[in-house]
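Okay, thanks for coming, everyone. Let me put the model up and walk you through a few features.

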Amino acid sequence: SLVCLFNQEREFTMDFVSAVKSCFAQYAGFSGRAPRSEFWWFALFQVVVLLVTGFVSQVLYGIAALALLLPAIAVGARRLHDIGRSGWWQLLSLTGIGSLVLIYWWVQPSGDD
C-alpha cells in the first residue's frame, strides 16, 4: 500500500518511492487526481532516469523516454484535474510558451470541489 501523509493544507503528500510506484501503477490512468508531491517526485525521477540513460546510450535513452512518456502525460492530466482543469490543457506544451503556463498550474495547491 502507498504511504501518504495528510498535511495541514488538506493535500496528500507522497514520498519519492510512493509517487513513482503510484505513477507506474496508474501508467495509463487519466482520471482522478494527483497531488503536487506525486507529480513533482515523478518529474524528478524522469529527469534522473533520462540523464543516466543518456550518458549510457542514445538507444537506451530513447527506450526510457518512450517508456516514461505515457505515465508522465497521465500524471500531468491527473495533476491538472486536482486543480480543476482538464488534462487536455497539456496540449499547451506543444506551443513552447504554453509550458510556462502548465508549470504555473502544476505548482498550484489542490483545488476544492
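Since I'll be naming helices, a quick word on those: helices (H or I, at least four residues) and strands (E, at least two) are DSSP runs, numbered from the N terminus. Keep in mind that this is a predicted model, where local features need pLDDT of at least 70, side-chain atom pairs count only at pLDDT 80 or more, and totals for chains, interfaces and linings use all residues. Residues are numbered from 1 along each chain as its sequence is written, and side-chain values use heavy atoms, with hydrogens and water left out.

So, the pocket. Which element gives the largest share of the lining? That's helix 2, with seven residues.

Next, aromatics. Rings of Phe, Tyr and Trp (its six-membered ring) pair if their centres lie within 6.5 Å; planes under 30 degrees apart are stacked, over 60 edge-to-face, the rest tilted. We have eight such pairs. Take Phe24 and Phe45: the ring centres sit 5.8 Å apart with the planes at 85 degrees, so that's edge-to-face. Phe24 is in helix 1 and Phe45 in helix 2, 21 residues apart, so this pair links distant parts of the chain.

Last, salt bridges, meaning a side-chain nitrogen of Lys or Arg within 4 Å of a carboxyl oxygen of Asp or Glu. There are three in the structure. One of them joins Asp82 and Arg33, at 3.5 Å, N to O. Asp82 belongs to helix 3 and Arg33 to the loop between helix 1 and helix 2, so the bridge ties together parts 49 residues apart in sequence.
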